[in-house]
Amino acid sequence: MIMAVSALFLSSCREAVELEQDNSSITLSQDSYIAGPKGGSIDVVVTSSEDWRITGKSDWITLSAESGKNGDKITFTVAENTDGVAKETIYKLFAGSAVKEFKLTSQPNLFMTLASEPEVDFDAAGGVLRVSLDSNMPDYTFEFTESGADWIVFSDKKQVFGKEMLTFNVNPSDIYLDRTSSITIKGVNDMSVNVVVNQERLFAVITEQPRLEYNLDARDVTFTVKTNVEYDALTLPEWMTIQSEKKGEMGADGLTPVEYTIHMDESLATRMANLDFICEGKTYLSMLLKQQNPNPIWAEISDAGLRTELMKQGWIIAEEGMTKCEVLMPGLESETLYIEAGWYDDPINMIDGLSAFPNLKTVHLYNVAVKTLDLSGCKSLTKLQLDNTDRLSVVNCADTPLTEFVLTAGDYSGYLISESLSVSGPNIEKINVNCSSWYMSYYETCATMDFTGCPKLTEIKAKREYQDYWSDTGIGCKLKTIYVTADQKAAIDAGTITVEKSDMTNIEVK
């Protein structure tokens with residue numbers, strides 16, 4: 001134990017002696033040097049506790065010495081920087097255990113030239129402006145002429161394929177005059193480039209009176225629009241005529257006033273029209289002129305899809321979700337209602353309320369998915385044409401003068417996917433639902449028809465046969481039963497009601 005303690009004591013003493021003896025030191029007259037683009041040199045005095053040496057290597061720096069004594073100097077010579085980028089390196093000087101670093105920086109020749117278009121045009125919607133530079137500037141500042149700083153905003157800076165790409169956002173225009181701003185992009189040493197940004201004005205036709213509403217009396221109305229576009233001549237309905245059109249001088253805001261005086265004829269019911277101000281196919285303003293009946297004529301339209309269609313045709317005004325609709329003048333005057341269902345139209349499942357249109361003589365439905373067709377009260381109706389109404393189930397022609405009911409059938413149409421069809425009308429004399437389309441073999445599901453509501457019936461055509469490759473006879477028919485009244489059955493037996501049907505269809509009294 002005595003020997004171990006002694007050894008530990010001697011070791012500690014030896015380390016203490018070594019620490020006391022390690023007094024290495026080294027200092028430099030300066031710690032760094034920044035050379036300009038043309039290069040340069042610097043003398044650095046080394047103060048050290050003992051001989052010193054230097055490590056480090058760079059192909060753009062030469063040294064006057066790689067070692068020396070206390071008080072010696074070393075000259076660092078920096079070559080001209082032709083690389084276009086800043087460069088940096090660090091040398092280390094050693095004296096015994098002491099170390100000191102010396103940092104050298106070489107600044108490049110700075111340059112900046114515009115590599116993209118010097119002038120760029122935008123429409124009123126604005127967009128993204130990208131300015132490409134051949135540049136090695138460390139940073140940029142921007143100056144804008146006119147009010148450019150209000151509508152051109154710097155967004156981003158990045159390197160793209162060796163170019164400096166500056167991105168600006170050009171905001172949408174909210175004024176009615178063209179505007180221009182020059183962007184001065186500045187680097188150091190007063191270097192700069194310019195980009196001119198042009199933005200088209202906001203094209204518009206505006207008015208303080210977008211909706212004008214009056215009673216049904218004849219009158220002249222005057223209103224003013226302001227515009228900076230050359231719009232097309234106004235198209236007016238036949239009950240309006242332009243009395244005068246006065247064009248003023250353009251104002252400071254870039255808009256020119258135009259004063260119109262329009263005559264509106266007297267009306268018997270509510271009617272309205274949109275005055276559309278159109279330039280090159282684009283509507284810039286749609287003004288509503290309306291004559292409002294103080295005692296409206298109402299219609300009760302149950303189906304939302306039908307209300308939408310009648311509003312599109314200008315026959316009614318209806319609030320969303322409300323079945324009570326105001327009848328407009330076109331609804332009172334029109335003689336024909338044509339409805340063709342498109343792929344994206346609201347479906348029409350029920351048609352009713354048409355009795356509110358007193359002059360209606362013809363109803364033509366094409367591709368309409370109607371199930372219930374209620375024409376009751378249409379006292380002027382003389383023609384009904386149904387094309388591809390394959391969901392039809394109930395037809396009510398009460399109080400109409402309609403004498404014929406026909407389902408139009410072609411090679412690819414005429415089939416019914418409803419389970420039954422009921423047709424009623426006090427004046428209907430002829431019913432024709434014949435069909436031979438081979439599509440019936442796939443789609444037809446109508447098994448029964450009911451004609452008991454047609455007391456004046458004289459002719460029934462209900463032969464709904466088709467080619468059926470799975471049948472023994474090669475003929476198919478899915479219509480199993482036609483229901484008639486006892487009187488109608490007696491008339492059929494007597495031959496006063498003629499019937500054309502399939503042998504697979506029975507006639508039964510209901």
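This passage walks through the overall build of a predicted protein model and then through a few of its strands and loops.

The model is predicted, so local features need pLDDT of at least 70 and side-chain atom pairs count only at pLDDT 80 or more, while totals for chains, interfaces and linings use all residues. Residues are numbered from 1 along each chain as its sequence is written, and side-chain values use heavy atoms, with hydrogens and water left out.

Start with the whole chain. It holds 6 helices and 43 strands; these are DSSP runs numbered from the N terminus, with helices (H or I) of at least four residues and strands (E) of at least two. The C-alpha trace spans about 145 × 85 × 45 Å along its principal axes. The radius of gyration is 47 Å, whereas a compact globule of 510 residues would have one near 24 Å. That radius is taken over C-alpha atoms, and the globule rule is 2.2 Å times the number of residues to the power 0.38.

Buried residues make up 39% of the 510 residues, where buried means under 20% relative accessible area, exposed over 50% and partly exposed in between (1.4 Å probe, protein chains only). The accessible surface comes to about 27800 Å², and 49% of it belongs to carbon and sulfur atoms; areas come from the Shrake-Rupley method with a 1.4 Å probe, and for residues only the protein chains shown count as cover.

Now for the strands. Strands of a sheet pair through backbone hydrogen bonds, either parallel or antiparallel. Here, two strands pair if DSSP finds at least two bridges between them.

Strand β15 (residues 163–170) gives an antiparallel example. Of its 8 residues, 6 are buried, making the strand mostly covered. Strand β12 (residues 127–135) runs antiparallel to β15 and is joined to it by 7 bridges; Leu133 stands opposite Glu164 of β15. Strand β14 (residues 152–160) is also antiparallel to β15, this time through 8 bridges, and Val153 has Asn169 of β15 as its bridge partner. The hairpin of β14 and β15 has 2 residues between the strands, and Phe161 takes a positive phi near 50 degrees there.

Ser437 sits in the loop between β36 (430–432) and α5 (440–443). Ser437 counts as buried because its relative accessible area is 1%. Beyond its neighbours within four places in sequence, Ser437 is in contact with Gly410, Asp411, Tyr412, Ser413 and Tyr466.

Glu444 is found in the loop between α5 and β37. At 2% relative accessibility, Glu444 is buried too. Leaving out residues up to four places away in sequence, Glu444 touches Tyr415, Leu416, Tyr439, Arg464 and Lys478. The C-alpha atoms of Glu444 and Gly414 are separated by 9.1 Å, although the two residues are 30 residues apart along the chain.

Conventions:
Contact means heavy atoms within 4.5 Å.
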